[in-house]
Amino acid sequence: AQSWVLEVDHEIVGIALGFVRSWYRGEEYQLDTLCIDPEKQGQGYGKALIQALQAELVANDVHAMILYTDRGMPAEKFYQKLAFTKLDDSVLYAIAF
């Protein structure tokens, strides 16, 4: 697992948690969790954390980031604004028990 912490003035503002995995398209980063302090949301911190994460991944020869989010939630629009696109060739399955 790999994690990143965004600090501003010695205060944790956000975190990103995930892992790099080998996939048929090459190495990719699976972003599992992105959290920004609710009082700091809408101020560009999430975008800054994603951009820093992207730069670090590219420097380590990882050129894709994937994630799952729920339709209609604010996070969906957030990721779309950052140029994330829906994958037409992927299907998400679940089983409840």
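## Exercises on a sheet, a helix and a pocket

Helix α1 (residues 45–59) lies across β1, β2 (11–23), β3 and β4 and runs at about 155° to β3, where lying across rests on contact, meaning heavy atoms within 4.5 Å, and the angle, on a scale from 0 to 180 degrees, is taken between N-to-C directions of lines fitted to C-alpha atoms, for helices over the stretch in contact. Helices (H or I, at least four residues) and strands (E, at least two) are DSSP runs, numbered from the N terminus. The model is predicted, with local features needing pLDDT of at least 70, side-chain atom pairs counting only at pLDDT 80 or more, and totals for chains, interfaces and linings using all residues. Residues are numbered from 1 along each chain as its sequence is written, and side-chain values use heavy atoms, without hydrogens and water.

**Exercise 1.** Find in which order the four strands form the sheet, and which strands are at its edges.

*Solution.* Begin with the order, which is β1-β2-β3-β4 in an open sheet of mixed pairing, where two strands pair if DSSP finds at least two bridges between them. Next, take the edge strands, β1 (2–8) and β4 (65–67), each of which pairs on one side only. Finally, look at β3 (residues 26–36), which pairs with β4 in the parallel sense over three bridges, with Q30 standing opposite I66 in β4.

**Exercise 2.** Determine which elements each supply at least two residues of the lining of the second largest pocket, and which supplies the largest share.

*Solution.* The elements are β3, α1 and α2.
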